[in-house]
Amino acid sequence: MAASGAKKKQQQQRAAAAGGAGHRRRKVRDAEEKSWQKAGLKLNEEISSDSDTESPTFGGKRKKDNEAEEEIEETAQEKKLRLAKLYLEQLRQQEEEKAEEAALEKDLVAGRLKEDVLEQKGKLQRLIAKDLQPPDTAAIRVLRGHQLPITCLVISPDDKCIFSAAKDCSIIKWDVESGKKLHVIPGGKKGTEAQHIGHTAHILSMAISSDGKYLATGDRNKLIMIWEAVTCKHLYKFTGHRDAVTGLSFQKGTHQLYSASHDRSVKVWNVAENAYVETLFGHQDAITGLDSLSRECCVTSGGRDGTVRVWKIPEESQLVFYGHQGSIDCIQLINEEHMVSGADDGSVALWGLSKKKPLTTVRQAHGNHGTQGLEQPYWISSVATLLNSDIVATGASRCSHSASVRLWKCGEGFRRLEPLFDIPLIGFVNSLKFSNAGDFLVVGIGQEHRLGRWWRIREAKNSICIVPLQRSAAGRAQPADGS
């Protein structure tokens, strides 16, 4: 019994000693965890204490080892605290940088949203007309390549290339900077449609998507052809119109294409999916022009039916506008709420989509010709607008060195058209396009009108003219929004 009691007592002493050592380790670990929690970090298992259970037999030696170990751990603790503070400081700086970037991005997004809202409402306007200077005629560059009158042209979204088409059925891609031909798609002869990749009839209309991916061309043979704009590779053709295709336009920001024809219809196509969507009817005469922006709608000029129409595609409805006395031959949107049109009675009209009559009309916009008492106004054969600005250009037929291209300033509220200056050229101005940045104007000149051969100006040269647009120093420093 005595031996059993002694053995039991020794076991209790060993248990007490082990318990004391474990209690001391827990206290050290708790202290470490509190230090790391103050630094905002959790204790890593790799730096946890791994000392063995202290034996009562070597108490003195263990005590010295523990003191040295505590001293080492304390030094490491200081290092870890310093690194933790440094890490936290880096995190703080990163958060501040992220906050600054987020604020900047928010401002940029807010600015873009504001511009988009203003654009959608037709209230975004760059007021640059007052700073525009008449061009130096010696600085006008002339590009020759088509054999017959130029009928239509477009400028790539980056303003680096021009695409032109003519009655010779050819398409030419030009480099703006050098004036050189980058690619030529030759026209084919009538009857070779099955073998020829390209047009075999007069090309009358052209459009390029806002991302510069697709080029669309329409001809007198009722065909619409789709090309890859970068390589000029033929992709496919759309059939369905029953007469000449006279107007083409891509909805801005999409690959939805609108087409207008002498068959009095407007058709909608999905170019990316090579698909026909729908047909809209309403005009009572051949449609002569078409344009669109970012809304899902387009505007058309109805020739001798005397109407301008706004087509709301989702609703399959249309608004009808009256104002010209002659055949309305061309139309362009200034912004989402305003447009300009020209007619063969020599008039130019500014329209607001909320009113069925023109906001203002200029009669004999390019003057008259003929003997006294039998004067006739010069036809307005083309119009162009610098998007979301107060600048409009009109073109007419001239047989002498008087103005055939005239630039205008849109007055406040688009209720006035004030002439700015003339650009002397000879021939039919069949197409006009402003560069997207507003740095130059491209003019397509022909000896004949794009839609017919009523008369011919022999002195004219079938060519493309690049007219530089100069602005005053104050105008160049002005913000893009015109504020």
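Ser-265 sits in strand 13, which covers residues 265–270; strands (E, at least two residues) are DSSP runs numbered from the N terminus. The model is predicted, so local features need pLDDT of at least 70 and side-chain atom pairs count only at pLDDT 80 or more, while totals for chains, interfaces and linings use all residues. Residues are numbered from 1 along each chain as its sequence is written, and side-chain values use heavy atoms, with hydrogens and water left out.

Let us stay with Ser-265 for a moment. Ser-265 counts as buried because its relative accessibility is 2%, where buried means under 20% relative accessible area, exposed over 50%, and partly exposed in between (1.4 Å probe, protein chains only). Its side chain makes a polar contact with the side chain of His-241, at 3.5 Å. Such a contact is a pair of N or O atoms within 3.5 Å; within protein, one must be able to donate a hydrogen and the other to accept it, and residues adjacent in sequence count only if both atoms are side-chain atoms. Leaving aside neighbours within four places in sequence, Ser-265 is in contact (heavy atoms within 4.5 Å) with residues including His-241, Thr-279, Phe-281 and Ile-287.

Next come two loops. Lys-222, in the loop between strand 8 (214–219) and strand 9 (224–228), has a positive phi near 75° without being a glycine. Lys-222 is partly exposed, at 38% relative accessibility. In the loop between strand 9 and strand 10 (233–238) lies Cys-232, also not a glycine, with a positive phi of about 65°. Most residues other than glycine have a negative phi.

Cys-232 is buried, with a relative accessible area of 8%. Cys-330 is buried at 7%, and Cys-410 is buried at 3%. How many disulfides are there? With a disulfide taken as a pair of cysteine sulfur atoms within 2.5 Å, the count is zero.

Finally, the largest pocket holds about 1,100 Å³ of space. Of the 49 residues lining this pocket, Val-154, Asp-291, Ser-292, Gln-332 and Lys-433 are the closest to its centre. Strands that each supply at least two lining residues include strand 3 (150–155), strand 15 (289–292), strand 19 (328–333) and strand 29 (428–434). A pocket here is an open set of points on a 1 Å grid over the protein atoms alone, where a 1.4 Å probe fits, with protein on both sides within 12 Å along at least five of seven lines; lining residues have an atom within 4 Å of a point. Grid points are joined across faces, edges and corners, and the volume is the space filled by probe spheres set on them.

Technical notes
Helices (H or I, at least four residues) and strands (E, at least two) are DSSP runs, numbered from the N terminus.
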